[in-house]
Amino acid sequence: RLKANEEQLKQDEKLLEELEKLREKLSKEELSEKLDKLAKQNKNKKRSLQQLLELTKRYYVAKKLEKLQEELSKLAIDQEKLSNEPEDKNTKDKQDELNKKFEDFQKQLEDLQKDNKELKQPMDVPRDKLTEQEVKEEQKTASEELEKKEQQEAEGDQQEFSPQQESQKQENQKNAQKSQKKAAKKMMQMAKEMAQAMPMGGGGGDQQQEDIDTLRQILDNLVLFSFDQEKLMNQFKSIQVNHNKYAN
């Protein structure tokens, strides 16, 4: 019995460590603003740490997906704005910065898919890799065209600008703007598809509400569990290992 109790304590400790890592992850992503509101009722049902861990993971995936959708929408707007900027402000450096942000979005979405696969019942994390590749190609084209335009400008500073060079520069600018607008449109399309498929949106509402209700129940009970755990620790300090109550 003592051995079984020790094994259970080790398992509980691992679960609590994983929960702590999730809590830090939620705080880092600034996704925990609602957690305090979810723990104010239904203290009458006790739930296991396994359930708490699973539901916290589901909460993280849902909130992170919502945040990524918002970031992609903002990125699409920024890309569209850049395409409408005058020549002196629509630069390769600014386009490269947007390219990097989109690559970061892809990496975060890929990591989220891995987290989602670890769930006992994975949610639908929408991803259109074909459209993502098209966005990257349009952004790359925009950067290349802007680089050509800036090279033309650098040459013009050293010598008199010929009509042909001016025409080529304008062509590069138009090509860059065209690709920028295409990239913005595709990103906005992706953001809309993500919003439609998100579990916290129209689809999966019943399951999400069920998860939130259960999370309300068990987050409050985690506080009670921590008091019980502390009480048990204090008892262990005062009981000898050979005492007949030790295993209990």
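**Figure 1. Surroundings of F105.** Leaving aside neighbours within four places in sequence, F105 is in contact (heavy atoms within 4.5 Å) with L68, L72, M190 and M194. The model is predicted, so local features need pLDDT of at least 70 and side-chain atom pairs count only at pLDDT 80 or more, while totals for chains, interfaces and linings use all residues. Residues are numbered from 1 along each chain as its sequence is written, and side-chain values use heavy atoms, with hydrogens and water left out.

**Figure 2. The largest nonpolar core.** This core has 36 residues, and L72, F102 and F105 touch the most other members. Two or more residues come from each of α1 (2–28), α2 (49–83), α3 (92–117), α5 (163–197) and α6 (205–238). The most, 14 residues, come from α2. A nonpolar core is a set of buried Ala, Val, Leu, Ile, Met, Phe, Trp, Tyr and Cys residues joined through side-chain atoms within 4.5 Å. Buried means under 20% relative accessible area, exposed over 50%, and partly exposed in between, with a 1.4 Å probe and protein chains only. Helices are DSSP runs (H or I, at least four residues), numbered from the N terminus.

**Figure 3. Helix α3.** The 26 residues of α3 reach 38 Å from the first C-alpha to the last, close to the 38 Å expected at 1.5 Å a residue; the expected span is 1.5 Å times one less than the number of residues. Buried residues of α3 include Q95, N99, F102, Q106 and L109. An α-helix has 3.6 residues a turn, so residues three or four places apart point the same way.

**Figure 4. The pair α3 and α5.** The axes of α3 and α5 come within 13 Å and cross at roughly 25°. Axes are lines fitted to C-alpha atoms over the stretch in contact, with angles from 0 to 180 degrees between N-to-C directions. The two helices, α3 and α5, are therefore roughly parallel to each other, a term for angles under 35 degrees. Q95, F102 and F105 of α3 make the contact with Q180, M187, M190 and M194 of α5.

**Figure 5. E193 in helix α5.** E193 lies in α5 and is partly exposed, with a relative accessible area of 33%. E193 and Q69 are 124 residues apart in sequence, and their C-alpha atoms are 9.2 Å apart in space.

**Figure 6. K57 in helix α2.** K57 is found in α2 and is buried, with a relative accessible area of 16%. Not counting residues up to four places away in sequence, K57 touches E18, L22, E118 and L119.

Note on methods: Angles under 35 degrees count as roughly parallel, over 145 as roughly antiparallel, 65 to 115 as roughly perpendicular and the rest as oblique.
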